[in-house]
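Student: I have a model open and would like to learn how to read it. Could we go through it together?

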Amino acid sequence: MLKNPIFCAVDRPDLEGALSLARTVAPHVGGIKLGLEFFTAQGPRGVEAMQSLGLPIFLDLKFHDIPNTAAGAVREAARLGVAMLTLHAAGGRAMLEAAVEAAGAVRARPQLLAVTVLTSLDAHDLAATGIAAPPAEQAVRLGRLALAAGLDGLVCSPQEIEPLRAAFGGAPKLVVPGIRPAGAGDDQKRTLGPARALALGADALVIGRPITGASSPAEAAAAIARELAAEAS
Ligand SMILES: O=c1ccn([C@@H]2O[C@H](COP(=O)(O)O)[C@@H](O)[C@H]2O)c(=O)[nH]1
C-alpha cells in the first residue's frame, strides 16, 4: 500500500485530549479528521494546533447555507491550510459553485468534498424527510450535482461506492465514513468493513470510534492499517 488511507476522526472537544489521541494514532494513520465537536470548542486555533503534528487535516464542517454565507465560511476555512473541506451537496448548485469559487481564491486551495447522504440515515429516514429515492439513487443524484459544480470529490457511505464509481468513474475522490466491523450497533446505518470499502474503490476511510473507543487506539489503528496493507498486497 503506497499511502495509508485512514483518516482518524478525532471527535472530542478538549484540545489536550485531542492532541494526545492524534499523537497516539499518528504513526498508523494517513490523516486526522476534525469535525463539528472539536471545531465548535476549539475553533481555528485548535486546527492550527493539530496541524503541528504534521498530518493532513480533513476539516469536516459540512457547510450548508445560502451561497454567500457558505462561500464566506469556505474562504475562511480554506485559509487554515487544511487538506479537505466539506459541504452538503443538498445545499444546491449555486451554493456549491460559490464554494468552489471562494476556495479557488485561496493559496494552497483545499480539496472540496460534497457530503451525499449521511451514513446515519437509512431509506426510512430519507423518506421521512420527503426523499422517496433509495440512498444509493439519492447519493448518485447529489454526486452528479456536486461534481458538475466543480467539487473534487464526495463523502459517501461504503455501500454507495459501487454505484458512484459506475456513474462517475475513477476520477472523483471518494472519502468514506461509516466504517464498521460486521455487527457493530450504533448511529451508523449504512456501513461496511475497511478492507471491503477500499476494495470497492474508496480513496480514504474516515474511522472514528472503532479506533478512538478502543482500549488501545494505537493498536486498533495499527490493526486496521495492517489489514488494509495485507489486502492491497
Ligand atoms: O455521512 C457521514 C459524513 C461524515 N461522517 C463523519 O465521519 C466520522 C465517523 O466517525 P465514527 O465514530 O467512525 O462513526 C464522524 O466524525 C462523522 O461526523 C459520518 O459519519 N457520516
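Predicted model: local features only at pLDDT ≥ 70, side-chain atom pairs only at ≥ 80, totals over all residues.

Student: Now helices. What span would a straight helix of 16 residues have, and what does α2 show?

Tutor: The idea is to compare the expected span with the distance between the end C-alpha atoms. At 1.5 Å a residue, a straight helix of 16 residues would span 22 Å, but α2 (residues 36-51) spans only 17 Å between its end C-alpha atoms. Now look along α2 for a bend: there is one of about 110 degrees at Gly43, and a proline, Pro44, follows within four residues.

Student: And what does the same comparison give for α10?

Tutor: There the numbers agree, because the 16 residues of α10 should span 22 Å at 1.5 Å a residue and its end C-alpha atoms are 23 Å apart.

Student: Which residues of α10 are buried, and which are exposed?

Tutor: For this, count C-beta atoms within 10 Å of a residue's own: 20 or more others make it buried, 12 or fewer exposed. In α10, Pro217, Ala220, Ala221, Ile224, Ala225 and Leu228 are buried. They lie on the same side of α10 because they cover an arc of only 130 degrees around the axis. Arg226, Ala229 and Ala230, on the other side of α10, are exposed. As for partners, the buried residues of α10 pack against β1, α1, α8 (194-200), β8 and α9.

Student: Which residues of α1 are buried?

Tutor: In α1 (residues 15-25), the buried ones are Ala18, Leu21, Ala22 and Val25. Their arc around the axis is only 95 degrees, so they sit on the same side of α1. Their cover includes β1 (6-9), β2 (31-34), α2, α9 and α10 (217-232).

Student: What does Pro163 touch, beyond residues up to four places away in sequence?

Tutor: Pro163 is in helix α7 (residues 161-168), and its contacts on that basis are Ala136, Ala139 and Val140. Pro163 is partly exposed, because 17 other C-beta atoms lie within 10 Å.

Student: One last feature, the backbone angle phi. What is its value for Lys62 and for Ala108?

Tutor: Watch for positive values in residues other than glycine. Lys62 has phi near 50 degrees; this residue lies in strand β3 and counts as partly exposed because it has 16 C-beta neighbours inside 10 Å. For Ala108, phi is near 55 degrees. Ala108 is in the loop between α4 (93-104) and β5 (111-115), and with 10 C-beta neighbours inside 10 Å, Ala108 counts as exposed.

How values were computed:
Residues numbered from 1 in each chain as written. Helix = DSSP H or I, 4+ residues; strand = E, 2+ residues; numbered from the N terminus. Expected span 1.5 Å × (residues − 1). Bend = angle between axes of the 7 residues up to and from the residue. Arc of directions from axis to C-beta. Contact = placed C-beta atoms within 7 Å.
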